[in-house]
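Trainee: I would like to learn how to read salt bridges in a model. Could you walk me through some cases?

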Amino acid sequence: MRSLTRLPSKPALAAALLALFLLTVAPVPAQDGPGSQLTAEHLESLQWRNIGPAISSGRIVDIAVDPSDTKIVYVASASGGLWKSTNHGTTWEPVFDHETTISLGAVAVAPSNPNVIWVGTGEANNQRSSSWGDGVYKSQDGGQSWQHMGLETSQHVGALAIHPNNEQIVYVAALGALWGPNPERGLYRTIDGGQSWELVLAISEHTGVVDVVMDPRNPDRLYAATYQRERRNWSFLGGGPEGGIYRSEDGGDSWEKLDNGLPETDIGKIGFAISPSDPDIVYAIVEAQKSSETGVYRSSDRGASWEHHDTINPIPWYYSQIRVDPKDPDRVYVLGTFLSVSDDGGRTFRNDGAPGIHVDHHALWIDPRDPDRMILGNDGGLAFTYDRGASWDFVANLPLTQYYHIAADMREPFYTVYGGTQDNNTWGGPSGTRNSDGIVNDDWYITVGGDGFYAQVDPRDDSIVYSESQYGNLVRFDTRTGERKFIQPRPPEDEHYRWNWAAPLLISPHDHNTLYFAANKLFRSRDRGDAWEVISDDLSRQLDRDELEMMGRNWPKDAVSRHSGVSEYGNVTTFDESPLRAGYLAAGTDDGLINISLDGGDTWNRIDSFEGVPEMTRVSRLIWSRHQDNRLYVVFDGHKDNNFRPYVLRSNDHGESFQSINSNMPEYGSTRVIREHPRNPDLLAVGTEFGVFVTIDAGESWVQLKNNLPTVAVHDILFHPRENDLIIGTHGRGIWILDDVAMLEEMSAALVIPSTYTARLTLGDIVHEQPVTVVPDPLVQMSDSERQARHDTLLQLSHLQATVHAAMTTAQQLQGQLETITQAIADTPGAPEEMAEQAKSLSESVDKALTELRGASGLPPDPSVPVGISRLINRLAGSISGYTAAPSAEELKVLSDAQERLASVVSILNELAGVRLSELNAALDAAGVRWTPGRDIRLREQS
């Protein structure tokens, strides 16, 4: 099935960028440092394109259907917004993309006025990657527009109930914060359509309400479930003594706790269902401290007494949802890993309710007039049935994929993007296609199943993709054959490795056969994962999570859902090796440590405190700079400590000290990832819970790059080194690409010289011109000639950086070709010996060129080898761009020397690629050596 929308082509986008560049001259006062007072308005023409996929979709948390027209369906997703269909699910439209959050917990349609739609924000499923919300919203026009109606700090909404005859009366089951205490939780009621709220059922700062249902005969009769729970980095606790079932007979003015026949131990998550055909019958699925008391309970007297019918309750902290057939009070559905069905009032169940459909079910709507028609929502998306669950039709056009990490290769003409997703495998798909329909679901393929996380593509052989699923299950996948080899490091018999849910994986930028992988220790393989060595001690604080408090105290080992769905605490969450210096290693942990090694892992320096960052805050991502070998960037994510501030830091001394570069970034929105542009050290991008922020002045100021991008969590970012595309992996709306960010790259590399310009906007046949005067910054004392010299030098350095990148890419491609040629010659009996010597000579020349570009490898580097050209140019660019003065004579001499050395290397590489390799390829053809990349393909003549 094709993508939802047709996307703009790159030429069209390039034209828009050019127009934007001309227009931005006028409103941007000239600066002589990297800061250009960039604002969101300057970037408003930049449009993202979504490449999907929709084939894997993502987690659905609630479903609502217009009772007067069942063709109209609303689907709430965990982190991808609200979607509406007006044709039984044939097509879908996102209708909640640009509010302050698109993480949802519940959706409801007012029975008396189906144009009134309510959503509660913040997923209520307690997931590892659950996003939070900011209260409730109401639409009075079927989802076309929304108004925020309050409860801003409730964070997670479990359910909504609207009075059947009075749309002004609404109940909100507010769970409250998942990661700490907060007062705004419990059951809220409004009687004036959300203008004011009353807390009608409150327990404590740790206990909210997870579900509320209304008796269809008597809307004043309500059932509510209280839920005590907390998730932290180190653990999860899914219940306590404050959980239970409550009933009100007066619309919520007063409440009675129901306990006759219910568990007497601590209670976890609870879900309700009232039988529409006999509302005296109420079902509850209950998690209890004792497993024998967990499961399905039934009351036949409106909750006055309960019978325990079955212990079924799979992963209760994640599901605990139950439904009843609208015409048969004994047909019951339990949502869990499978859709379980009972025909005897919940006494026995079978797991065959949804054959052939993705597991992990969270939402089920049953047509009240035709129970054979149902809509099911799960971790894999949405499905419809018209035969009571015997068969299902999967909806393959809802792009709700929740990405954790992404990677990209260098295929031409369209590179492939890979990424690991929440419970939906790791996928690879093209960035573009020749197909006039655009990118379609059939273009995507799976590299590994399960929950997908890091993926890495061999830079010399893009058919080799390393992919992992949860807890470090790592495979080497061959895209040509579909073969997968399991290569996870195995501990000795007397040791246990602690893997993160998303264990960091990296191919060394200096050797494509070298892999790094991390649990609580760091592993290195020099043979593509066939064998591993441990190159660090335990890099965590090695804390005992059982001694860390939850909800203000320590809990017994048999506490409800204790440690459920949580990685073992004390592990590496992020890792990087410097692209400039082999053996410069950095690892961050879930308990707030950064460990640095400058000698390939022989020794490590631990940093355990960072100014302005609370102790033990999770290290979300760290990267070494591509431009200065002493520079390191890191972002911390404190949301699992109930702290939603961004933390973006930089070190210029190998991690000895860090400084905040948060600058003007919004104070609300935790940070997930940071990336540095491969050619421009001042251009950075940060992914947060609410989108992408960019800086063109190395963190002095930040601007959100939003435009048509939904308010979605961005978990990973890439700058494609060849195409200059900005690629993001969102946790809820798939992969998005901003084609060719050359404008952003150039805006900080070379700035406008003070003068009078003409800004020109061309739209079709309409041309609009306007004179623009750019004036100098009065605080910067520079002559016109000095400004021009600095401007020209920065432009020259920008071109040199691009040339260095092209030279290194060419050299690496040549290396790969020559490795293949050398093997092909060895495999050919009787191949001339001089041919192997010719290939060896070529390889040595390429290696020398790479050494000249990169500099010496090894620690310490060989002092007899000159500093690499790349490092010289990047250092110079950083020095000149960071200071408002004309380049010094020494800087210009360094520039001249670097340019001369680069010209020599380029000449050698061009000869190698254009002459000597062609000669070798001709000799290979003549000798009958099997085909290798770069040679003409020949059909063998029939004898």
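Trainee: How many salt bridges does the structure hold?

Mentor: Side chains of opposite charge can pair when their charged atoms come close. This is a predicted model, and it holds 46 salt bridges. One of them joins Glu-495 and Lys-521, with the closest N and O atoms 2.6 Å apart.

Trainee: Which parts does the pair of Glu-495 and Lys-521 tie together?

Mentor: Glu-495 sits in the loop between strands S38 (484–486) and S39 (505–507), and Lys-521 in the loop between strands S40 (515–518) and S41 (522–525), so the bridge links parts 26 residues apart in sequence.

Trainee: Is Lys-521 buried or exposed?

Mentor: Lys-521 has a relative accessible area of 17%, and buried means under 20%, so it counts as buried. Glu-495, at 27%, is partly exposed.

Trainee: Where do Arg-621 and Asp-716 lie?

Mentor: Their side chains meet in a salt bridge at 3.0 Å, N to O. Arg-621 is in strand S47 (residues 618–624) and Asp-716 in strand S55 (residues 714–719), so this pair ties together parts 95 residues apart in sequence. Both Arg-621 and Asp-716 are buried.

Trainee: What about Arg-930 and Asp-827?

Mentor: Their closest N and O atoms are 3.2 Å apart. Arg-930 lies in the segment after helix H6 (889–927), and Asp-827 in the loop between helix H3 (784–826) and helix H4 (833–854), so the parts they tie together are 103 residues apart in sequence. Arg-930 is partly exposed at 39% relative accessibility, and Asp-827 is partly exposed at 45%.

Trainee: Which residues do shared partners join into one network?

Mentor: That network includes Asp-215, Arg-217, Arg-221 and Arg-247, along with Glu-249, Glu-256, Asp-280 and Arg-302.

Terms used: Residues are numbered from 1 along each chain as its sequence is written. This is a predicted model: local features need pLDDT of at least 70, side-chain atom pairs count only at pLDDT 80 or more; totals for chains, interfaces and linings use all residues. Side-chain values use heavy atoms; hydrogens and water are left out. A salt bridge is a side-chain nitrogen of Lys or Arg within 4 Å of a carboxyl oxygen of Asp or Glu. Helices (H or I, at least four residues) and strands (E, at least two) are DSSP runs, numbered from the N terminus. Buried means under 20% relative accessible area, exposed over 50%, partly exposed in between (1.4 Å probe, protein chains only).
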